[in-house]
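Open the model in your viewer and switch to a cartoon view. Keep the sequence panel at hand, and follow the stops in order.

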Amino acid sequence: MLESALVSVVVIDLTSSDTDAYELGKNMRISSDLPIFGILGRFNRKDQNKARDCGFDLVFTKSMLLKSIKEIVIHISNE
């Protein structure tokens, strides 16, 4: 019963300088079928396109994610 109530997603900070976030997204896409979200500080079409090419499902700004997390989770759980 609990498993059916859980929703899992991968959230990767695309602004992180510690690792290549786009490469991490590519590797996650290969090894997992979980939805992959990329998070940017400011919206940037170039970075959004690069993330999509690397297998990310959605790209948000950090503030957009925080404002709409409930709706995002409901949408993903319905897929």
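This is a predicted model: local features need pLDDT of at least 70, side-chain atom pairs count only at pLDDT 80 or more; totals for chains, interfaces and linings use all residues.

Stop 1: Select the three strands. They form an open sheet in the order β1-β2-β3, with parallel pairing. Which strands stand at the edges? They are β1 (10-13) and β3 (58-61). Each has a single partner strand, so one side of each is left without a neighbour in the sheet. On average, neighbouring strands here are turned by 30° against each other, direction ignored.

**Stop 2: the pairings.** Select β1 and β2 together. Four bridges join β1 and β2 in the parallel sense. Next, select β2, residues 36-40, along with β3. Their pairing is also in the parallel sense, over four bridges. Find G38, whose bridge partner in β3 is V59. Then find I39, whose bridge partner in β3 is F60.

**Stop 3: a helix on the sheet.** Select α2, residues 21-31. This helix packs on the sheet and touches β1 and β2. Its direction makes about 165° with that of β1. Trace the path from β1 through α2 to β2: these three make a right-handed β-α-β unit.

Stop 4: Are the residues of β2 buried or exposed? Five of its five residues are buried. Both faces of β2 are covered. I36, G38 and L40 lie on one side, and F37 and I39 on the other. Click I36 and show its contacts. Leaving out residues up to four places away in sequence, I36 touches V10, I12, G25, M28, R29, G55, F56, D57 and L58.

**Stop 5: the cores.** Show side chains for V10, I12, L14, A21, Y22, I36, L40, A51, C54, F56 and V59. These eleven residues make up the largest nonpolar core. Which elements give two or more residues to this core? They are β1, α2 and β2. A second, separate core has five residues, including F37, I39, L65 and I72.

**Stop 6: helix α3.** Select residues 45-53, which form α3. Start at its beginning. There, a side-chain oxygen of N44 comes within 2.8 Å of the backbone nitrogen of K46. Move along to Q48, which sits in this helix. Q48 counts as buried because its relative accessibility is 16%, and the cut-off for buried is under 20%. Apart from residues up to four places away in sequence, Q48 touches F43 and V59. Just after α3, stop at G55, which takes a positive phi of about 105°. Then trace β2, α3 and β3: they make another β-α-β unit, and this one is right-handed.

**Stop 7: L58 on strand β3.** Finish with L58, found in β3. Now draw a distance from L58 to I12, C-alpha to C-alpha. The two are 46 residues apart in sequence and 11 Å apart in space.

Definitions and conventions:
Residues are numbered from 1 along each chain as its sequence is written. Side-chain values use heavy atoms; hydrogens and water are left out. Two strands pair if DSSP finds at least two bridges between them. Axes are lines fitted to C-alpha atoms, for helices over the stretch in contact, and angles run from 0 to 180 degrees between N-to-C directions. Contact means heavy atoms within 4.5 Å. A nonpolar core is a set of buried Ala, Val, Leu, Ile, Met, Phe, Trp, Tyr and Cys residues joined through side-chain atoms within 4.5 Å. Buried means under 20% relative accessible area, exposed over 50%, partly exposed in between (1.4 Å probe, protein chains only). A polar contact is a pair of N or O atoms within 3.5 Å; within protein, one must be able to donate a hydrogen and the other to accept it, and residues adjacent in sequence count only if both atoms are side-chain atoms. A crossover is right-handed if, with the strands pointing away from the viewer, the path from the first strand over the helix to the second runs clockwise.
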